[in-house]
Amino acid sequence: MLRRLARCIREYKWPTFLSPICMIGEVAMEVLIPLVMADLYDYGIVEQNMTVVVRQSILLVILALCSLCFGVASAFFASKASTGFAKNLRHDMFHRVQNFSFSNIDRLSASSIVTRLTSDVANLQMSFQMMIRMAIRSPMMLILALISALRIDVTLSLVFCAALPVLILALSTLGPIVFKIFDRVFRTYDKLNNTVQENIRGIRVVKSFVREKKEIEKFTDVSGSVYKDFCKAERILALNSPIMQFCVYGCMLAISWFGARMVVASGNNPELGLTTGQLSSMFTYVTQILSSLMMLSMVFVMLTMSRSPLKRCYELLMEEPDLVSPTENAVAEVPDGSIDFDNVSFRYSAKAKHRALKEIDLHIPSGATVGILGVTGAGKTTLVQLIPRLYDVSEGCVKVGGIDVRNYDLQILRDQVAMVLQKNELFSGTIKENLRWGNPDATDEELEHACRLACAHDFIVSFPDGYDTYIEQGGKNVSGGQKQRLCIARALLKKPKILILDDSTSAVDTRTDALIRQAFREEIPGTTKLIIAQRIASVQDADMIVLMENGMILDAGSHGELMARSDVYREIYESQKKGGDE
């Protein structure tokens, strides 16, 4: 995991290297200051030697300034390295997500992916910064201060050795317990994000059914779980502080007792034992050593908290897309828009017992217009999603242009298949920017032509800014029918060999629907058109109408043929005709 995430440092290697180097310089200056202070007291103040006092005072100022400069430099480089690492990590994760198939996203869940890209990366950024600063400062301070203390008096320095086993035992006991809790907390964050996303996305439904109170209760339950787990973890980690304080003050008392006796016994003669200046230095070193141990415990806590985000980010980076282009001899051209389903069956999951599609045999010539009818859950959308290989078949094969879709380069295949999905999506930006998703190089004339075919031009020019009208996120400032027509125009700009309309004219009136179908017949006769609809009137003039139920094809034929032989089709037609007459 660490090796893979370390690759996200990339162009920030120098700041990552320089930050700990500067931190070592800061620590070295801080460790030298007590030694200079001891000489200032013993040889300057005690002996009333002003030359020594001035010299040592100047040296102290220089060391303090150097420590300040090293500290500022270390903070600057650490900040640059950590933010750069987080930027690259988010880039790599988001780039990975763009290659995921629908099944990958279904398995990980959208809310979990959002959490990993936001709060998990933020946690790792803080941990990374701590690693190249505190995780370097603490052990270096411990080592250098201990060496300096040993140079003053080996016997007195052994006091520190008594504190180490206590600290190691405390950290090794608390760590595994806390890790399990934090692991659960970050999984709960996924549920929290999912609750928020679901509520905001469906806020109109929530308000229309007056379910605000219920949604607040649901959010409060999940948020309460996060609160309880964090409180439990913090209570356990809080034990770390009194243990550290006990060791710090215990060591200071021991050094005070033994050190004072040694100073008295030596008569403040450095050759006989310990001087007052050296004892004051020992107090400074004990503070530095034990504060470094406390910092190490904080580093330990931070790393414990970041272990779960580390695993989750690594999991996302290592998730392999279920659908990829062939590694060798990928087909780079779609010959035509013919579509063949050869004994196709499909399950959304390998473990699922239920088949969404069952033994589908369907052959559509290039340029044909095919209507697909069926009740909700009949498998209509699932069927058309297999054509651009948004999912792979479980059994059988789907062919486009006589070639198995699994043999195509994915980008080539999907460039020739335009889909207007059941849930139309527009993105924040102008109408022109949204339309050019279909063709980034489309001219203004091509945009207008596509919009005329989709019956969108008239309402666009009615806006004050016309084609430069800003579309809010999700297309909230246009109606459902307007959104559908913009999405159809966007798909037409691709000039695809296959056009799939997944119930994408449900929000437009019957007259506009008829005009769009007429434009399709006249303007793009060579494009294979698959139209999923609920109204027979929307597909009545299609070359073939496919009637689906429970993932199977009940019948297929022209309107006249189905009226003659299919009781189900005739019943749907008569009920819709009766409803229309009424």
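Tutor: A helix here is a DSSP run of H or I of at least four residues, numbered from the N terminus. Keep in mind that the model is predicted.

Student: Which element gives the most to the lining of the second largest pocket?

Tutor: Helix α5 does, with five residues. The pocket itself has a volume of about 370 Å³. Its lining holds 14 residues, and those closest to the centre are Leu2, Phe128, Met131, Leu303 and Leu310. The elements that each supply two or more lining residues are α1 (2-6), α5 (110-132) and α12 (276-318).

Student: Now helices. How many residues has α6, and what is its reach?

Tutor: Start with the general idea. An α-helix has 3.6 residues a turn, so residues three or four places apart point the same way. Helix α6 covers residues 134-152, 19 residues in total. From first C-alpha to last it reaches 26 Å, close to the 27 Å expected at 1.5 Å a residue.

Student: Which residues of α6 are buried?

Tutor: Ala135, Arg137, Ser138, Met141, Leu142, Ala145, Ser148, Ala149 and Ile152. Check their spacing against the turn rule yourself.

Student: Is Ser74 buried or exposed?

Tutor: Compare its accessibility with the cut-off. Buried means under 20% relative accessible area. Ser74 has 0%, so this residue counts as buried. It is found in helix α3, residues 50-98. Leave aside the neighbours within four places in sequence, and Ser74 is in contact with Ser19, Cys22, Met23 and Arg133.

Student: On to sheets. In what order do the strands of the six-stranded open sheet lie?

Tutor: Strands of a sheet pair through backbone hydrogen bonds, either parallel or antiparallel. Here the order is β6-β9-β10-β3-β11-β12, with mixed pairing. Strands β6 (417-420) and β12 (552-557) sit at the edges, each pairing on one side only. From one strand to the next, the twist averages 15 degrees. Helix α18 packs on this sheet and touches β6 and β9. The direction of α18 makes about 175 degrees with that of β6.

Student: How many bridges join β3 to β11?

Tutor: Five, and the two strands run parallel. Strand β3 spans residues 369-374, and β11 spans 544-549.

Student: Which way do β1 and β4 run?

Tutor: Antiparallel, joined by five bridges. Ser345 has Glu395 in β4 as its bridge partner. Strand β4 (395-400) also pairs with β5 (403-404), in the antiparallel sense over two bridges. There, Lys399 stands opposite Asp404.

Student: What is the phi of Gly401 in the hairpin of β4 and β5?

Tutor: Gly401 takes a positive phi near 65 degrees. Two residues lie between the strands of that hairpin.

Conventions:
Residues are numbered from 1 along each chain as its sequence is written. This is a predicted model: local features need pLDDT of at least 70, side-chain atom pairs count only at pLDDT 80 or more; totals for chains, interfaces and linings use all residues. Side-chain values use heavy atoms; hydrogens and water are left out. Buried means under 20% relative accessible area, exposed over 50%, partly exposed in between (1.4 Å probe, protein chains only). Contact means heavy atoms within 4.5 Å. The expected span of a helix is 1.5 Å times one less than its number of residues. Two strands pair if DSSP finds at least two bridges between them. Axes are lines fitted to C-alpha atoms, for helices over the stretch in contact, and angles run from 0 to 180 degrees between N-to-C directions. On a 1 Å grid over the protein atoms alone, a cavity is a set of points where a 1.4 Å probe fits but cannot get out, and a pocket is an open set with protein on both sides within 12 Å along at least five of seven lines; lining residues have an atom within 4 Å of a point. Grid points are joined across faces, edges and corners, and a volume is the space filled by probe spheres set on the points.
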